[in-house]
Amino acid sequence: MTYHTGECPVCRGYGRMEIIYNFPTGKVSVMCEECGLEFDTADDYLNNKNGYRTFYNKLSQPAARDASEDEIKNSEWYSLVTEKF
């Protein structure tokens, strides 16, 4: 299942922010499904600061996956979930 927190602040209306589990950091974060913009913390996402892009397709090992419901519930992102698919 994929959880979203709303629209991307950069490509507004085109991409939704997916909640992911990031293997290199071992943390839950959000990433735009279209432009790849990421935020590590909810505060950064809500204030549109410290966003970055990681090009996972250039890495040899999977670096991220959809976060599980339990991972999201145990993170700061749970209160920001707007939809799930």
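A: A residue is called buried if its relative accessible area is under 20%, exposed if the value is over 50%, and partly exposed in between, with a 1.4 Å probe and protein chains only. The model is predicted, so local features need pLDDT of at least 70 and side-chain atom pairs count only at pLDDT 80 or more, while totals for chains, interfaces and linings use all residues. Residues are numbered from 1 along each chain as its sequence is written, and side-chain values use heavy atoms, leaving out hydrogens and water.

Helices (H or I, at least four residues) and strands (E, at least two) are DSSP runs numbered from the N terminus. The protein chain has 2 helices and 7 strands, in the order β-β-β-β-α-β-β-α-β.

A salt bridge is a side-chain nitrogen of Lys or Arg within 4 Å of a carboxyl oxygen of Asp or Glu. By this rule there are 5 salt bridges. One of them joins Glu-33 to Arg-16, with the closest N and O atoms 3.0 Å apart. This pair links distant parts of the chain, since Arg-16 is in strand 2 and Glu-33, 17 residues away, is in the loop between strand 3 (27-32) and strand 4 (37-39). Both partners are partly exposed: Arg-16 has a relative accessible area of 28%, and Glu-33 has one of 29%. Together with Glu-83, Arg-16 and Glu-33 are linked in a network of salt bridges.

Strand 2 (residues 16-22) also holds Glu-18. Lys and Arg count as positive and Asp and Glu as negative, whereas His and the chain ends are not counted. Glu-18 is buried yet has no salt bridge; Arg-16, the nearest side chain of opposite charge, lies 5.9 Å away. Contact means heavy atoms within 4.5 Å. Beyond its neighbours within four places in sequence, Glu-18 is in contact with several residues, among them Thr-2, Tyr-3, Glu-33 and Asp-66.

Two further pairs complete this account. Arg-65 forms a salt bridge with Glu-71, the closest N and O atoms being 2.8 Å apart. Arg-65 is partly exposed at 33% relative accessible area, and Glu-71 is partly exposed at 22%. Lys-49 is paired with Asp-43 in a salt bridge, with the closest N and O atoms 3.4 Å apart. Here Lys-49 is partly exposed at 37%, and Asp-43 is partly exposed at 42%.
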